Amino acid sequence: MEFASKRILITAICRQRKHHYYPLESINRKLSQRSWNIVRFDQDLKRAIEFNSCSQLPVLNRPNEVMVKVLASSVNPLDIEMSRGYGNVMLSLANTIMSHGIDRLTYGRLPVIPGRDFVGEIISKGQSVWNYKPGDIVWGTVPPYENGSHADYVITSDNAISYKPKNLSNVEAAALPYVGLTAWSALSTFGELNSHNSHNKNVLVFGGSGGVGCFAIQMLKYWGANVITTCSAKTIQPLKELTSADECIDYMETENYLRQYPGTFDLILDASASSASRKNYDIIKSVVNHHQKHSNTIPSRSGPLTRVFDRKRTIYVTLSSPLLHNYDRYGLLSGTMSTISDALIDTLNGIQHGISFRWAYYLPNPKALSYIAQLVERGMIRSVTSNVYDFDKAIDAYEAFEIKRPIMGKVILNNDK
Ligand SMILES: NC(=O)c1ccc[n+]([C@@H]2O[C@H](COP(=O)([O-])OP(=O)(O)OC[C@H]3O[C@@H](n4cnc5c(N)ncnc54)[C@H](OP(=O)(O)O)[C@@H]3O)[C@@H](O)[C@H]2O)c1
């Protein structure tokens with residue numbers, strides 16, 4: 001009797017929705033799910049994020065989407081920042097644009113589910129998804145304007161997933177997709193490095209002990225680059241052991257170190273906490289000024305001092321752009337003006353200091369995700385998980401990520417219990 005009424009309800013929901021692709025059989029098991037929801041924007045995580053044991057199941061809206069039963073997911077800075085309202089204006093707009101039919105009219109940003117990546121099992125798929133089938137174990141990401149993976153089920157498109165590496169557990173694998181694709185986009189798309197052109201290139205990575213930084217160093221070392229990275233004093237040793245970075249510098253010593261650095265960087269990647277990123281750029285500018293002033297007078301440890309930056313080729317990529325902040329602060333129109341102005345200032349400033357300055361963002365990339373899976377299977381990229389929390393203890397996980405800051409490694413939610 002109960003089964004029959006569930007079927008009738010699901011059929012009714014399906015008929016109401018014009019674009020509906022998932023087979024009824026696959027969702028008969030459940031009508032609701034557990035999820036973590038940002039219900040209000042608040043500095044206090046416990047006020048901002050609430051557990052819902054009976055939230056609505058997500059539905060497939062496009063033929064290229066898959067519904068995934070989440071087995072594990074990671075916590076990223078964006079989850080915490082979004083709970084405080086970061087990105088609300090732009091992400092709301094993007095979500096409205098991407099919504100369908102009645103959802104677009106009735107749209108309200110909250111509640112929204114955090115969680116940017118996952119490992120999980122495909123439960124159902126849209127008509128145009130031909131390379132995956134229900135039962136496949138995949139890993140992937142969810143764009144920030146969509147409901148995320150800190151739930152039992154998540155919807156994403158087939159261009160944001162690939163098969164999970166076989167040699168990692170679900171929990172280990174969940175540490176990598178979002179940071180991996182962000183690092184990939186920063187290094188490859190914005191930083192113009194790849195496996196063919198990185199050999200012997202000099203790269204400076206700010207924030208090597210973070211999720212993105214740690215991944216970026218491993219990728220760069222695999223590509224044959226020389227990598228110098230900054231991190232807190234307590235992470236120098238573990239970071240060196242994990243990534244084989246050529247030098248790990250205490251970030252309190254960055255300026256002194258760079259003043260003596262005898263080479264030229266091809267790429268500088270700022271993957272540090274957003275609160276530190278402007279300071280890092282100021283350090284770079286101050287070092288350039290110092291070098292310009294003393295270029296003929298100060299000898300370095302290893303011979304005559306050369307420029308740390310090359311006007312023709314040094315690229316500076318930062319993952320902390322002012323874009324979303326500007327829209328949050330000034331709204332759509334003034335936010336756009338302010339962003340254009342910031343972009344101009346950063347570009348001109350970069351030119352003045354001999355750097356091509358770029359803002360980088362996470363981008364979905366199925367080919368990169370499969371490539372990363374292969375490298376993981378070959379042992380070239382390792383996953384570091386520091387704290388693993390049961391799914392229903394996510395608040396503890398968010399707090400651990402922010403307040404108790406693990407020395408290194410991702411904080412993971414485990415749904416598979
Ligand atoms: N634009 C995008 O699409 C995008 C996507 C993903 C991430 N991001 C941004 O990229 C950054 C890295 O992300 P993540 O996930 O790797 O964050 P994370 O795991 O929190 O790592 C941040 C790292 O920054 C380090 N750090 C703090 N102050 C520093 C300083 N003064 N100099 C150098 N390092 C410093 C921290 O080291 P300790 O903990 O040892 O102090 C930590 O390891 C964050 O700002 C994040 O918001 C942007």
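Let's start at the ligand: one of its oxygen atoms sits 2.8 Å from a polar backbone atom of V212. That is a polar contact, meaning a pair of N or O atoms within 3.5 Å. Keep in mind that this is a predicted model, where local features need pLDDT of at least 70, side-chain atom pairs count only at pLDDT 80 or more, and totals for chains, interfaces and linings use all residues. Residues are numbered from 1 along each chain as its sequence is written, and side-chain values use heavy atoms, with hydrogens and water left out.

Now look at the whole shell. In total, 25 residues surround the ligand, each with a heavy atom within 4 Å of it. By class, 12 are nonpolar, 11 polar and two charged; here Gly counts as polar, while Tyr and Cys are among the nonpolar ones. Helix α12 gives the most, with three residues (helices are DSSP runs of H or I, at least four residues, numbered from the N terminus). Domain 1 (2-176 + 383-414) and domain 2 (179-359) each supply at least three residues to the shell, with bounds from an automatic or database domain assignment.

Note on methods
Polar contact = N/O pair within 3.5 Å; in protein donor to acceptor, adjacent residues only side chain to side chain. Helix = DSSP H or I, 4+ residues; strand = E, 2+ residues; numbered from the N terminus.
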